[in-house]
Amino acid sequence: MWLYRLTRPVGNVFARPYWRLGIRGAVEAIPPEGPLVVASNHASFLDPWLLGLAFPRGVRYLINRDWYDRSALWRAFFRANGTIPVASRDPEATIAVVCEALARGQVVGIFPEGAISRDGRMRRFRPGVCAIAARSGAPVLPVGLRGNFAALPRHARVPRPSRVTVWVGAPLRFPGAPVRGPIPREAAARFLGQLRGEIARLAGQDRGDDGKTAHD
């Protein structure tokens, strides 16, 4: 992650004033060390970068192996940024790779929606984050990004000045984790619902906010 560490101070010089980037909420609840899953809403291509700049610990993100292996240059770039290549068509392998990173005490960033929202509103969550939480036993930190859609919506090409705030909640743990056998469906559904509800609250979307405007 040498490039991530190198560019982070430079990014902060420009990103913080341009987007008035800040982090609020239960910041004191962020574990200072050990495995951690950071789960966030996803409304902009900038999300991994903005979240990574504001977060106090280095965050590794998942990248589709098709992109990772596109060329030697791309592989070198993604490797230097600490991204984790995964096969989108092999969820079990993806879960195993993420759990290996967590077992090494790393922080892994996940966007449970899977794809970037087209209108800023949160989409349905995919169940992979439940399986990761259940298998690894790592805490899942709910994060709500506000102002990210205004900063660079999916259809835009040029980032816009906006206030972007990273709102942090209290960590959640899958009940009974680590789970070695079959993951109970009811427990997984409750956990996913709780996680989505908390991220929606932190993102300001639990009261009908579409995420298009910034709040602090």
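Predicted model: local features only at pLDDT ≥ 70, side-chain atom pairs only at ≥ 80, totals over all residues.
Good morning. The fold I wish to present contains an open sheet of 7 strands, ordered β1-β7-β6-β2-β5-β3-β4, with mixed pairing. At its edges are β1 (22-25) and β4 (84-86), each of which pairs on one side only. From one strand to the next, the twist averages 30°.

Let us turn to one pair of strands. Strand β2, residues 36-40, and strand β6, residues 140-146, run parallel and are joined by 4 bridges. Within this pair, Val 37 of the sequence stands opposite Val 140 in β6.

Next, the helices on the sheet. Helix α2, residues 47-54, packs on the sheet and touches β1, β2, β3 (60-64), β6 and β7 (165-168). The direction of α2 makes about 165° with that of β3. Helix α5, residues 91-103, lies across β2, β3, β4 and β5 (107-110).

I come finally to a contact between two helices. Which residues of α6 meet α8? In α6 they are Val 129, Cys 130 and Ala 133, and their partners in α8 are Ala 188, Phe 191, Leu 192 and Leu 195. By class, this contact has 7 nonpolar residues, with no polar and no charged ones.

As for the geometry, helix α6 (residues 128-136) and helix α8 (residues 185-202) pack at an angle of about 110°, and their axes are 10 Å apart. Angles of 65 to 115 degrees count as roughly perpendicular, and α6 and α8 are therefore roughly perpendicular to each other. The crossing of these two helices, α6 and α8, is right-handed. Thank you.

Definitions and conventions: Residues numbered from 1 in each chain as written. Heavy atoms only, no water. Axes fitted to C-alpha atoms, helices over the stretch in contact; angles between N-to-C directions. Parallel < 35°, antiparallel > 145°, perpendicular 65-115°, else oblique. Left-handed = near helix turned anticlockwise from the far one by under 90°. Contact = heavy atoms within 4.5 Å. Nonpolar A, V, L, I, M, F, W, Y, C, P; charged D, E, K, R; others polar. Pairing = 2+ DSSP bridges.
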